[in-house]
Amino acid sequence: MANPNLIGGGRYTRAEVSGDKRRLDNSHVSRPALLKRLWHYLGRNRLLLVLAMALSLSSSLLALYGPKLSGTAINAIDLGAGKVDFATVYRCAILMAVFYVASSCLTFLLNAVMIRLSRTVSKQMRHDVFENLASLPVSFFDRWQTGDIISTITYDVDTVNQALSSDLMQILQSVVTVTVSFLMMLSIAPKLVIVFVFTIPITIFFVRWLTKKVRPMFSRRSRKLGELNGFVEEMLSGQKTIRAYDREDEVLSRFDDKNGEAVKAYTVAEAYGTITGPSVNCINNVSLALVCLCGSLLFLKGEIGLGDLSSFVQYSRKFSGPINELANIIAELQSALAAAERVFSLIDAEPEKADAPDAIELTDVRGDVELRDVDFSYVPGKPIIEGLNLHAEPGSLTAIVGPTGAGKTTIINLLMRFYDVNAGGVYVDGKDVRTLTRSSLRRAYTMVLQDTWLFHGTIFENIAYGKPNATMDEVVAAAKAAHIHSYISRLPDGYNTVLSDNGAGISMGQRQLLTIARAMLVDAHMLILDEATSNVDTRTEQRIQAAMRTLMQGKTCFVIAHRLSTIRSADHILVLDGGKVVEQGTHDSLMEKRGFYYRLYQAQFDSVA
């Protein structure tokens, strides 16, 4: 099975091209910086945020007034005289019911607002991620697995969204509850507050220690899940090859290893994360027991009333409860921060180098292409191309041939400026491509690659992809020229037939013909064919070559081909080996030399024979 991580003609892996083992995370980013960026996303929806804060504050205050009313009601009972001030008791009971009901209603509204706010934030995050992906250089996608990127856009964004929709408001409510409860306890019995002077520092230090320990574990969990998704995406795309080589057991074994690593990382992170809640709860229970003990002694001394003691105990529970809840959501927060690191790593990924400030638009293209003394390497110290010279005159057909790994596809990357040369220069119509805008340069080319790409949409939309304003007549003409019109006409919905899953259900040859029709439709001045006819039969290939020569009349064409019989009519043949031009000329002149090209051609001829 071909390794999709190989690039540059199969000579180097993506990890080698990247120059290191970087992954989609920013574990070096501090928590305050991450929280600040998340807050920035929330700040884009100020009205919803202010409304959520107002609802949270109102709901918490209403609920917190209940213990005070409860204490007032208890104090209305005179145990010594056996009398009860029922008016006060009834008034307090009614107010408590009204306040608690109102608090519940406000909490319901708060949840609705937070759901809308979090969905808005997650939508914006996905938009920012995808927008930056569209601006990233091709080299980025040579380094990172597609599945890992997809995992970040889906799972990691959802994890952040979950934290924003629930944990954020829970933290806000907890802060309000703890603050108000502390002030109320201080007003009721300042001496009893001393108990928390000992228990709160213990809680804070424990939570801080555990947070530092847990954060890398959640980063590892997100990373391992991304690796698992990348592996699954790779294996699913290669099912036919896997089955053809009877490698199902080996794939299952590798999946079990990846899955085991992901599960282990998840288990370890969750195990340490869940330690926080029970531990803090234990500390809080100890503090509550001390409050009851000390409060009873103060009551016996007559320094505090029974109602006030009852209120203090209720406030102490409300004071310690949020602390326990905060401890419980520490794991979720660590998971969200780890996910946010990966999301922001995509948003912060350096986009393709901007055009030069004085870059000009490529207009009135003639198609005169020249490579002068070009040196290039994906990895420093490992050259792919050395001292390459090539001149393609306007309207000419240049074929690039050579063994695997010779650097043929790399030349295409340089022509399209997916990568910039290390030395020398690439020129179009006498202009260095580095002085041109990338968009105008790439619009001047049309590409047909060996790997077909069809998107979910109708056949008409797929063919007209490069020319959105194309008419049906133009699309049909391109399909006829590509010898795919008769097949499309036999389909029940013709050109309105919907393709899905990269054209699943139609043959590789038919997919290739559709992409060739797409290229024919675009009015570009230069054409690049990278093994474009590798999936069609010889007879169809000959017809396509003839049609292309007619349609691309006066346009510069570059063809990468392994079947040398298909490029015999090329105006110029460039023979590469080891990144260097070993021969160049026409087919007849190269055959007369009986050199490297001759041996390649004879080897194919003997193989066919």
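**Notebook: strand pairing, a helix contact and a salt bridge**

I looked up E370 and found that its bridge partner in β6 is H391. I note at the outset that the model is predicted.

**Entry 1. β5 and β6**

I next looked up L371 and recorded L390 as its bridge partner in β6. I then turned to the pairing as a whole: β5 comprises residues 369-376, and it pairs with β6 in the antiparallel sense over five bridges.

**Entry 2. β5 and β8**

Which residue in β8 is the bridge partner of D375? I found that it is A423. β5 and β8 run antiparallel and are joined by five bridges.

**Entry 3. The sheet**

I asked in what order the strands of the open sheet lie. The four strands follow the order β6-β5-β8-β9, and their pairing is antiparallel. I identified the edge strands as β6 (385-392) and β9 (431-432), each of which pairs on one side only.

I also checked what lies across the strands. Helix α14, residues 408-415, lies across β5, β6 and β8 (423-428). I recorded that α14 runs at about 115 degrees to β5.

**Entry 4. α17 and α19**

I examined the packing of helix α17 (residues 472-481) and helix α19 (residues 508-521). The angle is about 125 degrees, and the axes are 8 Å apart. I noted the crossing of α17 and α19 as right-handed.

Which residues of α17 meet α19? I listed E474, V475, A478, A479 and A481 on the α17 side. On the α19 side I listed A517, M520 and L521.

**Entry 5. Salt bridges**

I recalled that side chains of opposite charge can pair when their charged atoms come close. I took a side-chain nitrogen of Lys or Arg within 4 Å of a carboxyl oxygen of Asp or Glu as the criterion. By this rule I recorded 14 salt bridges.

I looked up one of them, in which the side chains of R126 and D158 meet, with an N to O distance of 2.7 Å. Why does this pair tie together separate parts of the sequence? R126 lies in helix α5 (residues 86-133) and D158 lies in helix α7 (residues 146-188), so the pair links parts that are 32 residues apart in sequence.

Note on methods: Residues numbered from 1 in each chain as written. Predicted model: local features only at pLDDT ≥ 70, side-chain atom pairs only at ≥ 80, totals over all residues. Heavy atoms only, no water. Axes fitted to C-alpha atoms, helices over the stretch in contact; angles between N-to-C directions. Helix = DSSP H or I, 4+ residues; strand = E, 2+ residues; numbered from the N terminus. Left-handed = near helix turned anticlockwise from the far one by under 90°. Contact = heavy atoms within 4.5 Å. Pairing = 2+ DSSP bridges.
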